[in-house]
Amino acid sequence: HFNKSPKEAMVFLQNNQLLPSPPDPRSVTLFLRNTTRLDKAQVGEYLGKRDDAHKNVLVEYCKTFDLVHSKFIDCLRGFLESFRIPGEAQVIDRIVDNFSEVYFNAVAGAKN
């Protein structure tokens, strides 16, 4: 379902009680990170949407990577390899900006 229509897939998952209704960012993130065979382009499109619900999922998605114990470039590489980043400049900026903010907060929090 997700590879054809992420929106329909989310409804299907909620209707079948595989995701809570309404879905919370953590549940959606775990679905995106742990479900095999998801189309990486569709995952990137989903994460790149500009509304608050998708942004919250993006932030949670970023937090699933080991940001504290790895070099920044390794974290960024792993993050970008987990989906296909959309080609639109604004979407790329939004995704990388959110990743950078989560990374900074994680590293700064670990030093305190």
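1. Basis. Residues are numbered from 1 along each chain as its sequence is written. In this predicted model, local features need pLDDT of at least 70, side-chain atom pairs count only at pLDDT 80 or more, and totals for chains, interfaces and linings use all residues, while side-chain values use heavy atoms, without hydrogens and water.

2. Pocket lining. The largest pocket is lined by Pro6, Lys7, Met10, Val11, Gln14, Pro23, Gln42, Glu45, Tyr46, Lys49 and His54. Helices H1 (6-15) and H3 (40-48) are the elements that give two or more residues to this lining. H1 supplies the largest share, five residues. Helices here are DSSP runs (H or I, at least four residues), numbered from the N terminus. A pocket is an open set of points on a 1 Å grid over the protein atoms alone, where a 1.4 Å probe fits, with protein on both sides within 12 Å along at least five of seven lines; lining residues have an atom within 4 Å of a point.

3. Cis bond. Ser21 and Pro22 are joined by a cis peptide bond, with omega about 0°. Pro22 sits in the loop between H1 and helix H2 (25-34).

4. Positive phi. Most residues other than glycine have a negative phi. Gln17 is not a glycine, yet its phi is positive, about 55°. Gln17 belongs to the loop between H1 and H2. Arg37 also is not a glycine, and its phi is positive, near 70°. Arg37 is in the loop between H2 and H3.

5. Exposure. Gln17 is exposed, at 73% relative accessible area. Arg37 is exposed too, at 78%. Exposed means over 50% relative accessible area (1.4 Å probe, protein chains only).

Conventions
Buried means under 20% relative accessible area, exposed over 50%, partly exposed in between (1.4 Å probe, protein chains only).
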